[in-house]
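Biologist: I am new to this model. Please take a close look at a single part of it, and then say how that part sits in the rest.

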Amino acid sequence: LPTVYSLDGLLVFGLLLVCTCAYLRKVPRLRTWLLSERRGVWGVCHKAAVIGTRLHMAVSVSCLLMAFYVLLGK
């Protein structure tokens, strides 16, 4: 398992954050409750959701590549 303090751990954490926030953006009740704020900690989640929504193909390919790297590369 990658640790958070290594580069691949940070990449896994970033990809999981983007994927989770993009998924939460699709749920209407959670979108208004969690992702309505654009500043502070919740603003980071809002920005990650925008990245995940707009670059969904690149994010999904990155998730697949990172999965293969974590499972087979290490």
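Modeller: The expected span of a helix is 1.5 Å times one less than its number of residues. The model is predicted, so local features need pLDDT of at least 70 and side-chain atom pairs pLDDT 80 or more, while totals for chains, interfaces and linings use all residues. Residues are numbered from 1 along each chain as its sequence is written, and side-chain values use heavy atoms, without hydrogens or water.

The part I take is helix H1, residues 7–26. Helices here are DSSP runs of H or I with at least four residues, strands are runs of E with at least two, and both are numbered from the N terminus. At 1.5 Å a residue, the 20 residues of H1 should span 28 Å, and the end C-alpha atoms of H1 are 29 Å apart, which agrees. The unreviewed UniProt entry lists residues 6–24 and 55–72 as "transmembrane region"; its positions follow the numbering used here, feature names are shortened, and such annotations may be inferred rather than shown by experiment. Over residues 6–24 the chain is 95% helix and 0% strand, with 27 Å between the end C-alpha atoms.

Which residues of H1 are buried? They are Asp8, Gly9, Val12, Leu15, Val18, Cys21 and Ala22, where buried means under 20% relative accessible area, exposed over 50%, and partly exposed in between (1.4 Å probe, protein chains only). An α-helix has 3.6 residues a turn, so residues three or four places apart point the same way. The buried residues of H1 pack against H3 and H4, with contact meaning heavy atoms within 4.5 Å.

In H3 the buried residues are Gly43, Cys45, His46, Ala48, Ala49, Val50 and Gly52, and they pack against H1 and H4.

The other partner, helix H4, covers residues 56–73. The listed span 55–72 is 94% helix and 0% strand, and its end C-alpha atoms lie 26 Å apart. Leucine 71 is in H4 and counts as exposed at 68% relative accessibility. Glycine 73, also in H4, counts as exposed at 54%. Glycine 73 is 33 residues from glycine 40 in sequence and 36 Å from it in space, C-alpha to C-alpha.

That leaves helix H2, residues 28–34, which holds arginine 31. Arginine 31 is partly exposed, with a relative accessible area of 41%. Leaving aside neighbours within four places in sequence, arginine 31 is in contact with Leu24, Arg25 and Ser36. Arginine 31 and leucine 55 are 24 residues apart in sequence and 18 Å apart in space, C-alpha to C-alpha.

Now the whole chain. There are four helices and zero strands, in the order α-α-α-α along the sequence. The C-alpha trace spans about 40 × 25 × 15 Å along its principal axes. Buried residues make up 24% of the 74 residues. Among contacts between residues at least 6 apart in sequence, 56% join residues at least 24 apart. The chain exposes about 5,900 Å², and carbon and sulfur atoms supply 71% of that area, by the Shrake-Rupley method with a 1.4 Å probe; for residues, only the protein chains shown count as cover.
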